[in-house]
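Subject: Handing over the structure

Dear colleague,

I am passing the structure on to you here, and below it you will find my notes on what turned up in it. Please keep it open beside you as you read.

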Amino acid sequence: MVFHKVISSYNAILNLNVNGRNEFVNGIKYSIVTFSNWNTYLCSLKIDCIMISTSNLSLQYGKRVLFDEVNIKFTQGNCYGVIGANGAGKSTFLKILAGDIDPTSGQVIFEPGKRMSVLRQDHHAFDEFTVLQTVIKGNEKLWKVMQEKDAIYAKPDFSEEDGMKASELEAEFAEMDGWNAEADAAALLSGLGIAEADHDKLLKDLEGSQKVRILLAQALFGNPDLLILDEPTNDLDLKTITWLEDFLLDFKNTVIVVSHDRHFLDTVCTHIADIDFSKIKLFSGNYTFWYESSQLALRQRASANKKAEDKKKELQEFIARFSANASKSKQATSRKKILDKINIDEIQPSSRKYPAIIFDQARQAGDQILHINDMSYVHEGETLFKDLNLNVMRGDKIAVIADNHLAVSMLFEILNDRVQPTTGDFKFGQTITTSYLPSDNTEYFQTDYNLIDWLRQYAEGDDVDEVYIRGFLGKMLFTGEETFKKASVLSGGEKVRCMVSRMMLKEANFLMLDEPTNHLDLESITAFNNSLKDFTGTIMFSSHDHTFTQTIATRILELTPNGCIDRTTTYDDYINSNKVAEMKAALV
Ligand SMILES: Nc1ncnc2c1ncn2[C@@H]1O[C@H](COP(=O)(O)OP(=O)(O)OP(=O)(O)O)[C@@H](O)[C@H]1O
Ligand SMILES: [Mg+2]
C-alpha cells in the first residue's frame, strides 16, 4: 500500500470513496486500499481519530424530544465537558454512549477493540466485594480471567485440559499486566485517600464518601481508552477533587465528563459539548471560554448593525486574551486551533431558565431559636464531633463545616430527629418551624407518584388545590406535560428542584440545607444563592461551593472530633484568620 502524498486531513479521507482503487482529490492521486480499521491506521499517522461517535441519534420520552438527530464525534485524547441545564439529557446521553439505554433511532459507533470505563452511580452494586476486588473489576476482562484461573486451580482433580486452559489464561493475564493489578489498584486507592487497612474490607462496611472514591478508582483502573464520568466531583472533598483534576490532566486517553463545577471543567476540559435545543454542539476550549464566547455571541447578535470587521476584531482580541491565559498544555494546543474553527454564528443563545426560589415564612420566629448542649456523635467507634454547644440567634446564617462531611450530615440528621446524638441534646424555640434539604434524597423518590401527587403529599390538609401545587412546580420550571411524569425518572438536578418546592411549600422560619448545590445547574445555584441571601429567617447549611458559602454565611461552625469552633464571621475571613488557625491547632 503506497500513499503518493501523506494525507494531512481526516476530512480529506472521509471525502474519498474507500474501496481499494485509485482516487483523485484536488488533483492529487491516492492509491486507496481497503483497511479493516481506518481509525487504527489514522492513529498511527497521528491524524485525529475518532474514539466514539453518534449517527443521527434521537431519543424521545413521550412528547419530549431529548435528542434530535445528533451527530457528534469525540476524538482520541481530548477531554470533553458535557454541560447543559438540569434535565437537558446529560446523564441520558452518557447512558446511551455506554450502551445502558437504547436510543429511539440512530446509533453509537465505538472504536472496536477499545475499552470503555464508566463511573457507576449505584453505590450498592459492589457491597459484597472487597475494596481491592471492586477496583480490579473495573477491568472486566482481567477480572474474568482471574476468576476462571482461580476456579481451575481450586479444582481437586486437575486434568491435562485444565492445565492447557490454565496456561492460556496465564498468558492472557500476563499480557494484561495482571501481576501488577493489585499494586496498581492499591496505588490508585491511596491517591484517593483510602487507607491500606481498608483495602480488604467489604464495600458495604464503608461509608458513602469512601464508596464514591472507590468507584472512582474502579473507573480509572487499567487505563481505559474511553473514560465516562457523570458528575464525579459531587460527593468528593476539595482535596480529592484536586487529585482527580491532576489525574485527568495527565490522562492521555479520551474523557467524557458531565459536571456543573465551573472550576473543574475549566481545569480539565479541552472541549465543551453543550446540550441545548435537543442538539449537542461541540466547542474547542474550556468552560469559561465557551461561556464568554456565548455571551459575546449574544451581544454581537443584539447589535445586528455591528460591522463584520468590528465583529472579527472583537473576536480576535477575545481569543488572544484566552490564549495568553492558557496554563495547561492540552488547553494551549487546542486553543491554537480555535481561531480557525470558531464560528460565532453557530453559538446560539442558551435556552436555560432561572427557577423562582422564594422562601416565605408562615410565621415569624420569636427570640428562642435553637440551643444545642454538650452534643457529641460517635459513628461506628469514631468520634465525628464533640463538645458542641451552640445558641442560634434569629437571622443567623450558619455555614457548618468539617473535614469529614459525615459529621455535618449527622448533625443535620440529629436536628431533624432522624438520628440520636451519642451525648447531649437540643431544643428548638416554641415558634420555630423547620424544613430540611438532606444531601441524599433517594428515599423520597422511590415512588410511582407523578410530580403533582408527589408534592401534594407534603402540602398541609388533604384536599389541596391542584392549581396551588402547580404554582410551586411552575416556579421550579416544571410545567404542562412535565408535571405528569413520574418523580422516579427525574434527573439529579430535577430531584433537588422538587425537594426545594417541598421546602417552599412548608413556609418554615428555620431552614436546614445539606449540600443544596450538589446536582444543580448554574442558573439554579444562582437563584438559590440569591433567595438564601434575601431570606430573613434563620439558616444552617453546608456547601462545597465557595461563592455560595461566602455570600450567605454570617457565622461559621466547624465540627472536629476534638471539639467545635463557632465564629461570627464570613467564610473567607474564617479560613484566613490567624485566630481560627490557633484555635484549630489547639484542638488537634
Ligand atoms: N423514563 C423516562 N420517562 C420520561 N422522562 C424521563 C425518563 N427518564 C428520564 N427522563 C427525563 O429526561 C430528562 C433528562 O434526564 P437526565 O437525567 O439525562 O438529565 P441531566 O441533563 O443529566 O440533568 P441533571 O443535570 O439534573 O443531572 C429529564 O427531564 C428526565 O426527567
Ligand atoms: Mg444527570
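Which residues of β5 lie on one side and which on the other, and are they buried or exposed? C79, G81 and I83 are on one side and Y80 and V82 on the other, and all of them are buried, a residue being called buried if 20 or more other C-beta atoms lie within 10 Å of its own, exposed if 12 or fewer, and partly exposed in between, with C-beta atoms placed from the backbone. As a general point, side chains in a regular strand alternate between the two faces of the sheet.

Before going further, please note that this is a predicted model, in which local features need pLDDT of at least 70 and side-chain atom pairs count only at pLDDT 80 or more, while totals for chains, interfaces and linings use all residues. Residues are numbered from 1 along each chain as its sequence is written, and chains are lettered from A and ligands numbered from 1 in the order in which they are written.

The protein chain has 22 helices and 20 strands; these are DSSP runs numbered from the N terminus, helices being H or I of at least four residues and strands E of at least two. Of its 588 residues, 35% are buried.

Strand β5 (residues 79-83) belongs to an open sheet of six strands, ordered β7-β8-β9-β5-β10-β11, with mixed pairing, where two strands pair if DSSP finds at least two bridges between them. At the edges stand β7 and β11 (279-284), and because each has a single partner strand, one side of each is left without a neighbour in the sheet. β5 pairs in the parallel sense with β10 (residues 271-276) over four bridges, and Y80 stands opposite H271 in β10. Four bridges also join β5 to β9 (residues 254-258), again running parallel, and there the bridge partner of V82 is V258.

A three-strand open sheet has the order β4-β3-β6 and antiparallel pairing. Its edges are β4 (64-75) and β6 (105-110), each with a single partner strand, so one side of each has no neighbour in the sheet. Strand β3 (residues 50-61) is joined to β6 by five antiparallel bridges, and S53 stands opposite I109 in β6.

Around ligand 1 there are 19 residues, of which G87, S91, T92, S491 and G493 come nearest; a residue counts as near if its C-beta atom, placed from the backbone, lies within 6 Å of the molecule. The elements that give two or more residues to this shell are α3 (90-98) and α18 (492-506). Ligand 1 lies between domain 2 (77-303) and domain 4 (442-505), because both give residues to the shell; the domain bounds come from an automatic or database domain assignment.

Finally, R120 is found in the loop between β7 (116-118) and α4 (131-136). R120 is partly exposed, because 16 other C-beta atoms lie within 10 Å. Leaving aside neighbours within four places in sequence, R120 is in contact with A125 and L215, contact meaning that the C-beta atoms of two residues, placed from the backbone, lie within 7 Å. The C-alpha atoms of R120 and A219, which are 99 residues apart along the chain, are separated by 7.7 Å.
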